[in-house]
Amino acid sequence: MSVLVLAEHDNTGLKDATLAAVTAASKLGGDVHVLVAGQGAQAAADAAAKVEGVAKVLLADDASLANGLAENLAPLLVDLMAGYDALVAPATSFGKNVAPRVAALLDVAQISDITAVEGPDTFQRPIYAGNAIATVQSSDAKKVITVRATAFPKANAAGGSAAVEAVAGKGDAGLSRFVGAELSKSDRPELTSAKIVVSGGRALGSADAFKTVIEPLADKLGAAIGASRAAVDAGYMPNDYQVGQTGKIVAPELYIAAGISGAIQHLAGMKDSKVIVAINKDEEAPIFQVADFGLVADLFQAVPEMTSKL
Amino acid sequence: MKVLVPVKRVVDANVKVRVKPDQTGVELANVKMSMNPFDEIAVEEAVRLKEKGVATEVVVVSIGEQKSTETLRTALAMGADRGILIKAEGAVEPLAVAKLLAKVAGEEQPQLIVMGKQAIDDDSNQTGQMLAALLGWAQGTFASKVEPAEGEVSVTREVDGGLETVALKLPAVVTTDLRLNEPRYASLPNIMKAKSKPIAEKSPADYGVDVTPRLTTLKVTEPPKRQAGIKVGSVDELIGKLKEVGAIA
């Protein structure tokens, strides 16, 4: 058995989700190799080589791979998969975009967003917004898997000494062009890997309230900021802050939900947090059913008070 | 251009599903079913393209049991022109759905396929990407903006760090994210009108596609329950508790 992990990286280093994918890959048994595809990604490949448990790093450095376009990346992965039994990718927007394209070209079913490895062909994955856990067994000769990063510990980023081997890209498939990106700038910890997350919902009422009420508490705690879909739809926060079934899945040590009612779709994104705190005026809000500590109070008073007392 | 929109009948998004005691699945008897929310967004986008004069015909297709006709009728009431039902019993996996849709695309020759990014029952997020792969077309996943131009479609995608824009050669597959649009409600006259729009009935065998599952569900269980929490009376008490459990220093 040998496993290829598709690395998500920013050219200089690996994203945390990749380290979680390496942990999941090593549970499959056999050699774990990592593919770093991109342009000018030598540093990311060097970082991958140092990850504990990685036996070899493949570096595909080509202009056509610069922006992670699935149309250019999939043919390369399909070629490489001739030598592997499984492909493991992080279940991030990058991994979710590429992996199913590869699976279809290999004519295998993909197992999405796994939360546990029970054997080389048996996995657990949440369905129905996390309200049920399915244990599935794959009958395909090759497995294509995406990994929920919060369900696996990050592989040690040091201690490995794998060789880096260059592989050639397959060139531009001529189907798609990268036009540009508008990325949210933030000095805060990344939402999906933060130890503490402070999230706001519709009750904040404005983008300003996020700045004056939520941000100071997040700053005090060194926390990442999250938001419910209602807050995002209302334009209080950009959509990459959304926590939930269709946004980010987080599992921090501490999740503080302020002014969030706790719809099924939101809970799907945060109910594996270690400690959940709910601050809400409505004592009937469903969020209190999953909160370890609930405070029935007006968030505009309680959150600033909490900030000042920490 | 012709636009093809695949739609799926799923448990309504507001239903809290229950796992069956025998762990074979979730309870679907007497549960409210609806069109997958992301597919509603896909239908809405296709209908808007038609209203703008970009799309000439909107064809909706669903794969599933006979009752999926209701889902197709909903799409027709929203403004789609005609439907195709591919009748299949039991769950059909994304790969098989993609194979069937690829055959439909071969017959219908759409320039654009717009579909939801994931179904809220199996949460797979695979079918659009698989379909694009099988057709050898470009894919614009998690779209929050779709702008067709000459021979191309520009798609703004919701990615983890923000937004990114790609230009795809047509024909292409686009999967919808939540913020692409606000789907309309079908009006009563349109619901009536939809009843006379045609729905063709097919079977997987008509397309020569084997829909045998590749994955066996060994069991379906409830997620671990969280221990009941407590309500605190003040911010001071809350901070005290959080320090006690070591959640904050």
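This is a predicted model: local features need pLDDT of at least 70, side-chain atom pairs count only at pLDDT 80 or more; totals for chains, interfaces and linings use all residues.

**Where the chains meet**

I began with the interface: chain B and chain A bury about 6,600 Å² between them, 55% of it on carbon and sulfur atoms. Buried area here is the accessible area (1.4 Å probe) that the two parts lose on being put together, summed over both. B:Asp160, B:Arg214 and B:Arg226 supply 12% of the area that chain B buries against chain A, more than any other three residues.

Residues are numbered from 1 along each chain as its sequence is written, chains are lettered from A and ligands numbered from 1 in the order in which they are written, and side-chain values use heavy atoms, with hydrogens and water left out.

Next I looked up the contacts (heavy atoms within 4.5 Å). On the chain B side 75 residues take part, touching 82 residues of chain A.

I found seven salt bridges between chain B and chain A, each being a side-chain nitrogen of Lys or Arg within 4 Å of a carboxyl oxygen of Asp or Glu. One of them pairs B:Glu152 with A:Arg177, and their closest N and O atoms are 2.7 Å apart.

Which elements give two or more residues to the side of chain B that touches chain A? I noted α3 (94–108), α4 (127–135), β7 (138–149), β8 (152–159), β9 (162–169), β12 (215–221), β13 (230–232) and α6 (235–244) of chain B. Helices (H or I, at least four residues) and strands (E, at least two) are DSSP runs, numbered from the N terminus. β9(B) gives the most, with eight residues.

I also sorted that side of chain B by residue type: 36 nonpolar, 18 polar and 21 charged. In this scheme Ala, Val, Leu, Ile, Met, Phe, Trp, Tyr, Cys and Pro count as nonpolar, Asp, Glu, Lys and Arg as charged, and the others, Gly among them, as polar.

**A pairing across the chains**

Strand β16 (residues 293–296) of chain A runs parallel to β13(B), and three bridges join them. Two strands pair if DSSP finds at least two bridges between them. Within this pairing, A:Gly294 has B:Lys231 as its bridge partner.

**Helix α4 of chain B**

Buried or exposed, I wondered about B:Thr127? B:Thr127 is buried, at 17% relative accessible area; the cut-offs are under 20% for buried, over 50% for exposed and partly exposed in between (1.4 Å probe, protein chains only). B:Leu131 is buried too, at 0%.

Leaving aside neighbours within four places in sequence, B:Thr127 is in contact with B:Pro94, B:Val97, B:Ala98, B:Leu101 and B:Met115. For B:Leu131, with residues up to four places away not counted, the contacts include B:Ile113 and B:Val173. B:Leu131 and B:Leu95 are 36 residues apart in sequence, yet 8.1 Å apart in space, C-alpha to C-alpha.

**An enclosed strand**

Last stop was strand β4 (residues 57–64) of chain B: seven of its eight residues are buried, so it is largely enclosed by the rest of the structure. β4(B) pairs in the parallel sense with strand β1 (residues 2–7) of chain B over six bridges, and with strand β5 (residues 82–87) of chain B, also over six bridges. I traced B:Val59 both ways: B:Leu4 is a bridge partner, and so is B:Arg82 in β5(B).
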